[in-house]
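Thanks for coming. I will go through one model today, element by element, and keep to what can be computed from the atoms. Please have the structure open while I talk.

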Amino acid sequence: MKRTEVYSRTRDVGADGQLPGAPRPYRFTRNPMYLAGLGLWLGWAVFYGRLPVLAGAALWAATNSVIITREERALNRVFGEEYHLYKRSVPRWLHNFSRD
């Protein structure tokens, strides 16, 4: 395992880029809260059956894609190779369960 110093805390990073103690949702998607928000918007669109709500979901997803891109650049600067390994092993939106 590679050890890296991050904000005066040491973390072990496995060869697969996973932090051994990472919360479960972060093993399947790098953005579980954004994914949950998108799920809520899509659920509202189905529940209300209204096109404007679906358009809101699309706008929400597009806006958050821009935000996520900026956050990932910042995380790359702060965590470097550790975050790069994590990005390679965990998808931005959904986990591909067929790889397991």
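Let me start with Tyr48, which counts as exposed because its relative accessibility is 53%. The terms here are buried for under 20% relative accessible area, exposed for over 50%, and partly exposed in between, with a 1.4 Å probe and protein chains only. Tyr48 sits in helix H1, residues 32-48. Together with Leu40, Trp44 and Phe47, Tyr48 makes a nonpolar surface patch of about 500 Å². Patches are built from residues with over 30% relative accessible area and no salt bridge; like charges are joined within 9 Å, and nonpolar side chains (Val, Leu, Ile, Met, Phe, Trp, Tyr) within 5 Å. The areas come from the Shrake-Rupley method with a 1.4 Å probe, and for residues only the protein chains shown count as cover.

Before going on, the ground rules. This is a predicted model, in which local features need pLDDT of at least 70 and side-chain atom pairs count only at pLDDT 80 or more, while totals for chains, interfaces and linings use all residues. Residues are numbered from 1 along each chain as its sequence is written, and side-chain values use heavy atoms, with hydrogens and water left out.

Now the overall layout. The protein chain has three helices and two strands, and along the sequence the pattern reads β-β-α-α-α. Helices (H or I, at least four residues) and strands (E, at least two) are DSSP runs, numbered from the N terminus. The protein chain has 100 residues, and 28% of them count as buried.

Staying with H1 for a moment, Gly39 is also found in this helix. Gly39 is partly exposed, at 40% relative accessible area.

Next, the charged side chains. How many salt bridges are there? The count is two, where a salt bridge is a side-chain nitrogen of Lys or Arg within 4 Å of a carboxyl oxygen of Asp or Glu. One of them joins Arg30 to Glu72, with the closest N and O atoms 2.8 Å apart. Arg30 lies in the loop between S2 and H1 and Glu72 in helix H2, residues 51-79, so this pair ties together parts that are 42 residues apart in sequence. Glu72 also meets Arg92 in a salt bridge, at 2.6 Å from N to O. That pair links distant parts of the chain as well, since Glu72 is in helix H2 and Arg92 in the segment after H3, 20 residues apart. Through shared partners, the salt bridges join Arg30, Glu72 and Arg92 into one network.

Arg92 counts as partly exposed, at 27%.

A polar atom of the Arg30 side chain lies 3.1 Å from the backbone oxygen of Lys87. Asn31, in the loop between strand S2 (9-13) and H1, is buried with a relative accessible area of 8%. A polar atom of the Asn31 side chain lies 3.1 Å from the backbone oxygen of Arg92. Phe28 is in this loop too and counts as partly exposed, at 26%. Phe28 and Pro91 are 63 residues apart in sequence, yet their C-alpha atoms are 7.1 Å apart in space.

Last, helix H3. Which residues of H3 are buried? They are Glu82, Tyr83, Leu85 and Tyr86. These residues cover an arc of only 160° around the axis, which puts them on the same side of H3; the arc is that of the directions from the helix axis to the C-beta atoms.

Two of these residues bring us to the aromatic rings. The structure holds four aromatic pairs. One of them is Tyr83 with Tyr86, a tilted pair at 6.0 Å centre to centre and 45° between the planes. Rings of Phe, Tyr and Trp (its six-membered ring) pair if their centres lie within 6.5 Å; planes under 30 degrees apart count as stacked, over 60 as edge-to-face and the rest as tilted. Tyr83 and Tyr86 are three residues apart in helix H3, residues 81-89, so about one helical turn separates them. Tyr83 has 9% relative accessibility, and Tyr86 has 14%.

Conventions: A polar contact is a pair of N or O atoms within 3.5 Å; within protein, one must be able to donate a hydrogen and the other to accept it, and residues adjacent in sequence count only if both atoms are side-chain atoms.
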